[in-house]
Amino acid sequence: LAEIGRPSMFAAPAMKRNVVDQIVQASAFLAERRIGALIAVEREIGTRSVQETGTLLDSGVAWGLLTSVFFPHTPLHDGGVIIRGDRIVAAGCVFPLSDKSGLSKALGTRHRAAVGLTEETDAVAIVVSEETGTISTGIKGVLTQGIDAKELKRILNELYREGPIAARSKQA
């Protein structure tokens with residue numbers, strides 16, 4: 001019941017801009033260094049069961065913290081991060097994997113997890129590939145690969161402003 005009265009992150013423009021900027025900056029930093037990452041931005045449907053598979057944090061969204069979580073050989077780097085509003089609520093989370101038959105066999109676990117989570121919830125998933133250094137998004141069970149920081153920022157801003165959008169080109 002406490003969650004019902006909580007303001008949505010999609011309703012606060014200043015908070016939105018800061019969160020988007022922090023996510024984009026972290027994603028670009030990680031992509032440039034080919035450090036894998038999986039970040040989910042919770043929307044209307046909660047992810048509590050997924051959060052419980054990781055470590056609860058309740059921290060502000062900061063690019064430095066996001067990049068630190070995914071640094072190789074740290075305890076939380078293999079799992080995903082969940083962001084709700086302007087808070088990182090959990091890290092090291094195990095996301096459900098998609099079993100879609102149409103997904104490329106070349107996709108790794110992070111990409112399958114991004115699709116899996118977005119099949120089960122309305123969260124938006126951001127994946128950074130450690131193999132290629134590319135950024136992808138998962139929205140409504142559709143993976144859009146090979147986007148740059150500018151496109152990621154546009155997608156996140158559009159989602160914050162208008163709610164769900166259809167996944168764009170370069171779908172896997």
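Predicted model: local features only at pLDDT ≥ 70, side-chain atom pairs only at ≥ 80, totals over all residues.

Residues are numbered from 1 along each chain as its sequence is written, and side-chain values use heavy atoms, with hydrogens and water left out.

The chain holds five helices and seven strands, where helices (H or I, at least four residues) and strands (E, at least two) are DSSP runs numbered from the N terminus. Read from the N terminus on, the order of the elements is α-β-α-β-α-β-β-α-β-β-β-α. Of the 172 residues, 49% count as buried, and buried means under 20% relative accessible area, with exposed being over 50% and partly exposed in between, using a 1.4 Å probe and protein chains only. If we take contacts, meaning heavy atoms within 4.5 Å, between residues at least 6 apart in sequence, then 64% of them join residues at least 24 apart.

Now to strand β3, residues 80-84, where five of the five residues are buried, so the strand is largely enclosed by the rest of the structure. In a regular strand the side chains alternate between the two faces of the sheet. In β3 both faces are covered, with G80, I82 and R84 buried on one side and V81 and I83 buried on the other.

Which strands pair with β3? Two strands pair if DSSP finds at least two bridges between them. Strand β1, residues 37-41, pairs with β3 in the parallel sense over three bridges, and here A40 stands opposite I82. Strand β4, residues 87-93, pairs with β3 in the antiparallel sense over four bridges, and G80 has C93 in β4 as its bridge partner. β3 and β4 form a hairpin with two residues between them, and G85 in the turn has a positive phi of about 65°.

Finally, let us look at N157, which lies in helix α5, residues 149-162. Is N157 buried or exposed? N157 is buried, because its relative accessible area is 16%. Leaving aside residues up to four places away in sequence, N157 touches K16 and V20. N157 and V19 are 138 residues apart in sequence, yet their C-alpha atoms are 9.9 Å apart in space.
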